[in-house]
Structure formats: structure tokens, C-alpha cells
Amino acid sequence: LAVHGGAWAIPEEMVEPCRAGVARALDSGWQVLARGGSALDACQAAITALEDDPVFDAGIGSHLNRDGRVQLDAILMDGRTLKSGAVVAVERIRNPIHLARLVLDRSEYMLLAGSGAEQFAEEMRLEFCNPADLVVPREQELWAKNRQSASQGLGAGTVGAVALDAQGNLAAGTSTGGPPGKYPGRVGDSPLIGCGCYADNRTGAVSTTGYGEAMMKVVMAKTTNDLLAAGPRRGRGRFEPQAAAEKALALLRERTGGTGGVIIVDPRSRVGAAFTTPRMAYAFRTSDYLEPIVRV
């Protein structure tokens with residue numbers, strides 16, 4: 001299991017809160033795997049913990065859009081079936097990863113947007129929250145500051161998880177509030193299959209974080225996953241996850257000038273985590289090592 005809390009210029013005063021947040025999320029997901037639960041359940045549990053932590057740009061504490069509202073996106077993908085469930089621009093769902101799971105499990109579709117996604121949530125009897133419950137003072141202050149300066153910052157704190165379970169199934173998920181001051185209805189890479197997340201039992205599971213418009217140009221998650229299977233031009237075998245992550249980020253920079261981060265787990269339970277930003281909050285654990293690795 002690997003989790004991330006976003007790749008960006010994390011300031012010194014947020015390092016420990018970010019470290020603690022990804023550690024808690026890792027523990028939540030690992031408890032699921034330890035009792036024989038599925039990779040999908042582990043990813044959902046880990047991302048739920050991250051969405052509930054106001055330190056990150058997902059769920060409560062997300063950045064406000066241009067109109068001062070929180071609009072949330074999330075995706076969850078099953079590596080066994082290649083089906084994903086995703087929602088975009090929802091405003092009354094505290095944990096959009098829960099709604100994404102319902103789309104995955106109980107809908108013929110793979111992505112629902114805005115009012116349609118919330119209508120589906122109502123039909124599934126998912127509890128709504130007051131949109132104001134998602135707003136924290138830090139983000140109100142940032143919104144007011146950006147509004148006065150007519151500027152828009154890059155998103156910070158997108159979250160994600162990738163997992164391999166005891167049955168050999170892979171899963172991946174990503175959740176975000178998007179960049180501060182985004183245009184209402186804007187959708188980035190995070191909830192798009194192949195861009196912000198991808199999982200295939202034959203290759204690996206990937207979750208990404210970074211500037212969405214750049215990530216979409218190179219279909220970042222699918223490109224990373226394809227590199228796992230491609231292997232070096234000379235020689236045999238596949239890239240290891242770490243090498244695939246680093247190569248994908250190099251391609252992102254070369255083709256778009258963008259930066260970001262990637263976490264990967266492959267069918268052999270090998271983990272990779274790489275980033276080209278000043279910092280990335282991430283944590284991982286495998287059955288080979290009893291102690292989790294937590295880094296910012």
C-alpha cells in the first residue's frame with residue numbers, strides 16, 4: 001500500500017502535519033489489507049482518512065474555486081476489471097471517494113458530474129453535507145488574498161492511494177479539490193482514468209499529483225503504467241516501479257514543462273514514489289517490511 005498527500009512546495013510548518021496525515025491514512029488502509037480486505041477497500045479507506053484531514057486539498061479543507069465554493073473530484077479504479085468510478089464538481093459530498101466507489105460498484109457508467117453525480121448520491125442514500133462544512137479558515141484567507149491580487153495558485157495537497165491485496169488484485173484512487181481560484185466546473189487530471197489514476201492487474205497501479213492541465217497532456221497515470229511493462233530499450237524485463245515513475249516525470253517535464261509526483265505498486269508488491277517538486281508527502285508499506293516508510 002502506498003499513499004500520497006500531494007507534491008508541491010510544502011512549507012516547513014506543514015511538514016509534520018502532512019507527515020502525520022499520510023501516516024494515519026497508510027494505517028487506515030493497511031488495517032484493511034491486514035485482515036484480508038480488497039485493494040479497492042484499502043484505497044478507499046486510506047483516501048477517506050486523507051479527505052477527512054483538513055491539511056490536504058481533498059474533502060474538508062479543499063481549495064475554494066473562483067466563486068468561493070469547494071468543488072470536489074475523485075476516482076477509484078479496479079485493476080481486475082479495468083472499470084473505474086469517478087465524480088467531478090460535487091459540492092455536498094464530504095467524502096467524494098465514497099461516491100466514486102458507488103459509481104464503480106453500482107453504476108453502468110464510469111464518471112458522473114455535478115448535479116447528476118449528486119442525484120446519483122441521493123438515489124444511493126449517501127449522506128449530504130452542508131457545503132460550508134468543507135470550508136476552513138485557511139482557505140477562506142487564501143481565496144480573499146488571491147481575489148484581491150487577481151492571481152491563481154497551483155493546487156496543493158491532492159491525495160491518492162495504490163494497493164495490492166492478498167488475492168493479487170490492484171487498485172488505485174485519487175481525490176482533490178483542485179487548484180485555488182479555479183474556474184467553476186473546471187476538471188483536472190485527478191478524476192480522469194489514465195490521467196490521475198490507473199490500475200491494471202497485469203502491470204501496476206498508479207496515482208498522480210501535480211498540475212492537472214500538464215498531466216492530461218501526457219495521460220500521466222497510463223503512461224507511467226505502460227512504462228512498467230515496456231522495459232528498457234536494450235535488455236529484458238520490465239522497468240521497476242521507481243524507474244518507471246522517474247521516467248514518466250522526466251517525460252512530463254520534457255513535453256509540458258510540468259512538475260508533479262507519482263506513486264506506484266506493481267503485481268510483485270514493489271513500490272515506487274518519485275516527484276519533481278520541492279516536496280511530496282507520501283508513505284508506503286509492504287508485507288516484507290513491518291515498519292511503514294513515511295516521508296515528506
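Local features were taken at pLDDT of at least 70 and side-chain atom pairs only at pLDDT 80 or more, whereas totals for chains, interfaces and linings use all residues of the predicted model. Residues are numbered from 1 along each chain as its sequence is written, and side-chain values use heavy atoms, with hydrogens and water left out.

Buried here denotes under 20% relative accessible area, exposed over 50%, and partly exposed the range in between, with a 1.4 Å probe and protein chains only.

Leu99 is one of the buried residues of helix 3. Leaving aside neighbours within four places in sequence, Leu99 is in contact (heavy atoms within 4.5 Å) with Val87, Val90, Ile93, Ala117, Phe120, Ala121 and Leu126. Helix 3 (residues 96-106) is largely enclosed by the rest of the structure, because eight of its 11 residues are buried. These are Pro96, Ile97, Leu99, Ala100, Arg101, Leu102, Val103 and Leu104. The elements against which the buried residues of helix 3 pack are helix 2 (39-51), strand 2, strand 3, strand 4 (111-113), helix 4 (114-123) and strand 6 (170-176).

In helix 1, Ala25 is buried at 0% relative accessibility. Leaving aside neighbours within four places in sequence, Ala25 is in contact with Ala46, Ala49 and Leu50. The C-alpha atoms of Ala25 and Ala2 are separated by 9.4 Å and lie 23 residues apart along the chain. Leu50 is also touched by Ala58, a residue of the loop between helix 2 and strand 2. Ala58 has a relative accessible area of 0% and is therefore buried.

Gly157 is placed in the loop between helix 5 (137-149) and strand 5 (159-164) and is buried, at 4% relative accessibility. With residues up to four places away in sequence not counted, Gly157 touches Gly5, Gly6, Trp8, Phe56 and Asp57. A C-alpha separation of 14 Å was computed between Gly157 and Gly196, which are 39 residues apart along the chain.

A search of the whole structure finds one aromatic pair. Rings of Phe, Tyr and Trp (its six-membered ring) pair if their centres lie within 6.5 Å, with planes under 30 degrees apart counted as stacked, over 60 as edge-to-face and the rest as tilted. Phe275 and Tyr282 form a tilted pair, at 6.3 Å centre to centre and 55 degrees between the planes. Phe275 is partly exposed, with a relative accessible area of 31%, whereas Tyr282 is buried, at 8%. A charge sits over a ring if NZ of Lys or CZ of Arg is within 6 Å of the ring centre and within 35 degrees of the ring normal. Arg92 lies over the face of Phe128, at 4.1 Å from the ring centre, and Lys222 over that of Tyr198, at 5.4 Å.

Leu82, which is not a glycine, has a positive phi of about 65 degrees. Leu82 is found in the loop between strand 2 (72-78) and strand 3 (84-90) and is partly exposed at 37% relative accessibility. Val219 likewise has a positive phi, near 45 degrees. Val219 is placed in the loop between helix 6 (212-217) and helix 7 (220-230), and is partly exposed at 34% relative accessibility.

The second largest pocket is lined by 13 residues, of which Trp30, Leu33, Leu164, Thr286 and Ser287 lie nearest its centre. On a 1 Å grid over the protein atoms alone, a pocket is an open set of points where a 1.4 Å probe fits, with protein on both sides within 12 Å along at least five of seven lines, and lining residues have an atom within 4 Å of a point. Helix 1 supplies the largest share of this lining, three residues.

How values were computed: Helix = DSSP H or I, 4+ residues; strand = E, 2+ residues; numbered from the N terminus.
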